[in-house]
Amino acid sequence: MTNNRITSLLGIEYPIIAGGMVWCSGWRLASAVSNAGGLGLIGAGSMHPETLREHIVKCKAATHRPYGVNVPLLYPEMDKVIEIIIEEKVPVVVTSAGNPKTWTAKLHEAGCKVLHVVSSSKFAMKAEAAGVDAIIAEGFEAGGHNGKEETTTMCLIPSVADSVQIPVVAAGGIASGRAMAAAMCLGAEAVQIGTLFAMSEESSAHENFKNLCCEAGEGDTALVLKKLGPTRILKREFYDQVIAAENRGASAEELKEILGKGRAKKGIFEGDLVEGELEIGQASAQISKIRPIAEIMTSLLEEYKQTLNRMQK
């Protein structure tokens, strides 16, 4: 596979980046993706600072290849998180859910490469102006928290690629080599994969959650909680509660009360399929079994090459 600006920037073999998913992306998943030639990410959004340090240390012991940390910029203990990232010499940081200008310069001073997740061309240009090294443009097919624009990956990637000079990574609904090839045709130089990796053997998600996701079909996920922040979840009992509240015109405050605390942890990490917030992407409909990362990466790359060959013919 030909090197490009993303593989050169990150020092990786293949232009594949793991999603930094809360409750799924621990050191096992991150190191497995990195060892398979991609860039593994540790999801800091579900970790206390010292838990994050523990995962970074274990990841460094499990792989000698580049890895990174995903940091939601609205995290309440950002000072401590950034301090740990710098102390542990994390090579790549992916920021999301906030203003990248706040920390990018400091991370660059420490030698980190910085990528920022956006859901629109407008925010892509702001991130480029803030000095980030690359953009991750995520369409609303993705699981979990989404942009308010609800733009699909097919529409988002060419718009973002046309609006910035720095490299673009496509995210949202990518779970096959065919989708990876399509993203490259749209102007991306790499893909970020969440749902497919969340359903891997190395994902720290509960087996109940993974097995349920394997049973999901088309239309079994939906965006809800738009008054708080659009979130894609499986249509289960918690979804029913939210829809009933939204249909009767519930306020943001009432929805916050229904959501409560630890709802995603309960569903994804603890496997409570009734009370849990089951965040997963539309691509779950394409996935029917739990596989190890090495096998997933091999099949992704093989299908990608086959797709390119078919197009050339």
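Ile 17 has Gln 192 in β9 as its bridge partner, and Ala 18 is bridged to Ile 193 of β9. Strand β1 (residues 16–18) and β9 pair in the parallel sense over 3 bridges; pairing here requires that DSSP finds at least two bridges between two strands. Helices (H or I, at least four residues) and strands (E, at least two) are DSSP runs, numbered from the N terminus.

Before going on, the basis: this is a predicted model, where local features need pLDDT of at least 70, side-chain atom pairs count only at pLDDT 80 or more, and totals for chains, interfaces and linings use all residues. Residues are numbered from 1 along each chain as its sequence is written, and side-chain values use heavy atoms, with hydrogens and water left out.

Strand β8 (residues 168–171) is also joined to β9, by 3 bridges and running parallel. There, Val 169 stands opposite Ala 190. From β8 the chain crosses through helix α8 (residues 177–185) to β9, a right-handed β-α-β crossover. Right-handed means that, with the strands pointing away from the viewer, the path from the first strand over the helix to the second runs clockwise.

Is β9 (residues 190–193) covered on one side or on both faces? Both: Ala 190 and Gln 192 on one side, and Val 191 and Ile 193 on the other, are all buried. Buried is under 20% relative accessible area, exposed is over 50%, and partly exposed is in between, with a 1.4 Å probe and protein chains only.

Now the whole sheet. It is open, has 8 strands in the order β1-β9-β8-β6-β5-β4-β3-β2, and pairs in parallel. β1 and β2 (40–43) are at the edges with a single partner strand each, so one side of each has no neighbour in the sheet. The twist averages 25 degrees from one strand to the next. Axes are lines fitted to C-alpha atoms, for helices over the stretch in contact, and angles run from 0 to 180 degrees between N-to-C directions.

Last, helix α6 (residues 121–129). This helix lies across β5 and β6, at about 160 degrees to β5. Ser 121, Ala 124 and Ala 127 are buried in α6. They cover an arc of only 115 degrees around the axis, which puts them on the same side of α6; the arc is that of the directions from the helix axis to the C-beta atoms. Their cover includes β5 (113–118), β6 (134–138) and α7 (153–163). On the other side of α6, Lys 122 and Ala 129 are exposed. Just after α6, Gly 131 takes a positive phi of about 95 degrees.

Conventions: Contact means heavy atoms within 4.5 Å.
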